[in-house]
Amino acid sequence: MEKKFNILVFPCGSEIGLEIHRSLIYSRHIKLVGANSVDDHGRYIYEDYIGNVPFVDDEGFLAHIKEIIISRDIDAIYPTMDFVINSLKLCENELGCKVIASPAETTTICNSKTLTYELLCDSINCPRLYHSIQDINKYPVFMKPDVGYGSRGAKKINSLSEAENQLKDFPNSIILEYLPGAEY
């Protein structure tokens, strides 16, 4: 009998984790293993489920993932969140199995809005990037975390005091020129 590829999906309860499950569950070549840091509906979907995995930025995360790789004979990890993708891809050699993702250089750039703007600024129109709140010469501006997804921490800023408060709440925020109108 042909050996199945053991694929670890982490975090498995995300929408992407559930889509991977729907896409691959009936493959005769693949055995899916789901893992999560927070128990959610992934535990009901994945037949082989591992809960209580430390968060990707916790000290014990890498050691825990290595234990899973060994105990479940994992051939590859399919990370399902941006920060997880980048973190695992940067540790791919240390993990001893394939991380299904773009090269580490690409995931690093895509994980940082600043690096993405810097890479693309000569090719497409990008908003002006201020290096500090002292550089702002006109309000409003737009601030958002350099690393993050969705609109978490994104805010239109109308004054210096709002900018200072934003940096207290989201210290890794980038400051961009405010571009009103429809977003595409």
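N52 sits in the loop between β3 and α3 (61-71), where helices are DSSP runs of H or I with at least four residues and strands are runs of E with at least two, numbered from the N terminus. Please bear in mind that this is a predicted model, in which local features need pLDDT of at least 70 and side-chain atom pairs count only at pLDDT 80 or more, while totals for chains, interfaces and linings use all residues. Residues are numbered from 1 along each chain as its sequence is written, and side-chain values use heavy atoms, with hydrogens and water left out.

The phi angle of N52 is near 60°, which is a positive value in a residue other than glycine. Is N52 buried or exposed? With a relative accessibility of 61%, N52 counts as exposed, given that buried means under 20% relative accessible area, exposed over 50% and partly exposed in between, for a 1.4 Å probe and protein chains only.

D73, in the loop between α3 and β4 (76-79), also has a positive phi for a residue other than glycine, near 50°, and with a relative accessible area of 43% D73 is partly exposed.

D48, by contrast, is buried, at 15% relative accessible area, and its place is the loop between α2 (42-45) and β3 (49-50). Leaving aside residues up to four places away in sequence, D48 touches K31, L32, V33, G34 and R72, where contact means heavy atoms within 4.5 Å. The side chains of D48 and K31 are joined by a polar contact of 2.7 Å, that is, a pair of N or O atoms within 3.5 Å, of which, within protein, one must be able to donate a hydrogen and the other to accept it, and residues adjacent in sequence count only if both atoms are side-chain atoms.

Two peptide bonds deserve a look as well. The one from F10 to P11 is cis, with omega near -15°, and P11 lies in the loop between β1 (5-10) and α1 (15-24). The one from Y139 to P140 is cis, with omega near 5°, and P140 is found in the loop between β6 (129-130) and β7 (141-145).

Finally, the helices: α4 (residues 82-90) and α6 (residues 104-111) pack at an angle of about 150° with their axes 9 Å apart, the axes being lines fitted to C-alpha atoms over the stretch in contact, and angles running from 0 to 180 degrees between N-to-C directions. The contact is made by residues including F83 and I85 of α4 and A104 and T107 of α6.
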